[in-house]
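This report looks at pockets. Which parts of the protein line them, and what kinds of residues are found there?

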Amino acid sequence: MTQNIVEIDNLSFGYKNRTLHKGISMSFSRGKVVAIMGGSGSGKTTLLRLIGGQFKPTAGEVRVAGQVVHQQNREGIYKLRRKMGMLFQQGALFTDLSVYDNVAFPMRELTDLPESMIHDLVLMKLNAVGLRGAYSLMPTELSGGMARRVALARAIALDPDIMMYDEPFAGLDPISMAVICDLIRTLNDALGITSIVVTHDVEETFSFADYIYFVADGVVAAEGTPEDLRQSTLPFIHQFVHGEKDGPVPFHYPAADYKLDLLG
Amino acid sequence: MIRSKILIGLVRFLRKLGSDFIDKVWRLGAGTRLFGLMLISSGESFRRFRLVVREVYFTGVMSLVIISVSAFFVGMVLALQGYNTLQKYGSSEAIGVLVALALVRELGPVVTALLFAGRAGTAITAEIGLMKATEQLAAMEMMAVSPISRVIAPRFWAGVIALPILAALFSMIGILGGYLVAVPLIGVDSGAFWSQMQANVDWQFDILNGVIKSIVFGVACTMIALFEGYDAPPTAEGVSRATTRTVVTSSLVVLALDFVLTSFMIV
């Protein structure tokens with residue numbers, strides 16, 4: 001068994017007229033919480049989709065449990081995805097199903113478990129995220145933080161080996177943020193899974209991640225433990241970690257001369 | 001200077017025409033591909049038929065009110081207009097046949113399909129478009145559950161089942177509306193109304209052809225609604241445009257298909 005459950009090797013990807021990744025390499029060790037950080041639009045979420053086989057790389061490869069994702073056929077990709085759980089940015093709960101049915105969804109669709117066992121499993125998963133009491137609510141009745149936790153319970157429903165989190169803190173209040181932060185670490189350690197967290201929240205990420213990759217301009221700009229990166233003198237990392245307005249990432253979007261624009 | 005401007009304008013016009021045409025052909029191909037994939041992935045819908053039944057409720061049962069009320073008025077208007085013309089030729093007893101044939105052969109399937117596109121088709125497009133915009137379809141994909149077999153196929157079969165039943169109900173309620181106007185209101189003989197209808201409405205030529213039409217319209221309307229939703233850009237504007245396109249495309253396709261089918265059936 002290899003040490004790394006997910007490996008990204010010299011990966012390039014882009015849309016029609018825009019290159020997002022130019023030869024990225026990363027590795028994700030079993031049992032670790034690894035964060036991928038970078039500015040908005042740097043292609044972090046796309047990396048998760050590439051790991052999940054929703055997109056095909058233009059060059060390089062992603063290996064999950066030793067298998068090259070984009071070389072799999074549909075069946076193979078679905079087989080790999082059963083090892084993965086993903087928490088989407090806004091939760092992506094099925095709005096026509098209750099909290100209970102949302103968590104039960106993957107179990108009903110992908111297993112032949114009897115309903116009585118599904119009942120127990122759903123309540124256990126909901127209990128793990130602290131929302132057993134909310135099982136009968138509809139997604140519209142939940143706050144943003146609660147929806148995210150239900151989605152988390154759904155993502156771990158079939159005990160995945162890999163959990164992927166897409167901006168898990170976006171738009172949450174500090175309490176919900178702390179809860180999610182704690183859950184990521186606890187679930188990772190309790191279930192022995194590997195977590196890949198895509199985010200741009202510096203403080204939260206530095207508090208729980210084992211290893212961090214910084215992505216900028218389509219390449220890995222820096223990597224290391226939170227402590228290494230805090231000490232980093234690289235201008236981009238310094239600007240990002242300390243939240244400085246101007247630096248290598250300019251405040252202004254490239255534009256024509258200001259005077260010329262105003263006075264013609 | 002002016003000539004070059006005209007030339008540039010002409011080139012732009014041609015370019016737009018070409019790109020619009022390519023876009024239409026591309027969408028036709030993408031729609032057909034989705035249709036093929038949906039047919040291949042339909043097994044789940046039949047194994048777990050309750051998924052289809054649930055959708056039949058949303059697309060069919062929930063459309064009952066609009067279908068029934070419209071049918072009732074269409075039938076009443078047909079009887080009024082029909083009587084007005086038929087009495088000039090002294091054959092007002094044929095009113096029952098006229099109402100029944102008009103409904104069973106044409107108006108039943110066509111108007112039901114148009115109303116279905118407006119009531120159920122838009123709901124399907126908006127629902128699937130929003131499921132896409134809120135990443136519900138992507139979440140399903142990531143769970144190794146195919147959205148085509150779990151979301152698209154059950155809705156398709158539900159539409160194909162619901163539309164012929166709705167069209168049959170439309171014809172029945174329309175005939176009832178026609179009867180109420182012709183017999184109690186105008187005073188046409190009740191026996192003549194029903195017996196003429198019974199004698200002149202042919203099972204195969206009239207009723208079966210009407211059923212075939214409604215099945216074809218069911219396939220077309222539901223597939224258009226599903227494709228527009230599945231293909232919608234995941235934004236508020238994208239979903240709203242897709243919903244409009246569902247109604248416009250479905251209506252045009254239904255009317256065009258009606259002409260083609262009628263010409264095959266009559267010739």
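## Main contributor to the largest pocket

α1(B) gives the most to the lining of the largest pocket: six residues. The model is a predicted one.

## The largest pocket

The space in the largest pocket is about 1400 Å³. Its lining counts 33 residues. Nearest the centre lie A:Gln54 and A:Arg74, together with B:Arg33, B:Glu141 and B:Tyr230.

Several helices each supply at least two lining residues. From chain A comes α2 (74–81). From chain B come α1 (2–40), α5 (95–133), α6 (136–142), α7 (147–186) and α9 (203–231). By residue type, the lining of the largest pocket holds 17 nonpolar, seven polar and nine charged residues.

## The second largest pocket

About 630 Å³ of space lies in the second largest pocket. It is lined by 21 residues. Closest to its centre are B:Arg27, B:Leu28, B:Ile224, B:Phe227 and B:Thr249.

Which of them has the largest share of the lining of the second largest pocket? That share belongs to α1(B), with nine residues. The lining of the second largest pocket divides into 13 nonpolar, three polar and five charged residues.

## The two linings together

α1(B) is the top contributor to the largest pocket and has the largest share in the second largest pocket.

Key:
Residues are numbered from 1 along each chain as its sequence is written. Chains are lettered from A and ligands numbered from 1 in the order in which they are written. This is a predicted model: local features need pLDDT of at least 70, side-chain atom pairs count only at pLDDT 80 or more; totals for chains, interfaces and linings use all residues. Side-chain values use heavy atoms; hydrogens and water are left out. On a 1 Å grid over the protein atoms alone, a cavity is a set of points where a 1.4 Å probe fits but cannot get out, and a pocket is an open set with protein on both sides within 12 Å along at least five of seven lines; lining residues have an atom within 4 Å of a point. Grid points are joined across faces, edges and corners, and a volume is the space filled by probe spheres set on the points. Helices (H or I, at least four residues) and strands (E, at least two) are DSSP runs, numbered from the N terminus. Ala, Val, Leu, Ile, Met, Phe, Trp, Tyr, Cys and Pro count as nonpolar, Asp, Glu, Lys and Arg as charged, and the others, Gly among them, as polar.
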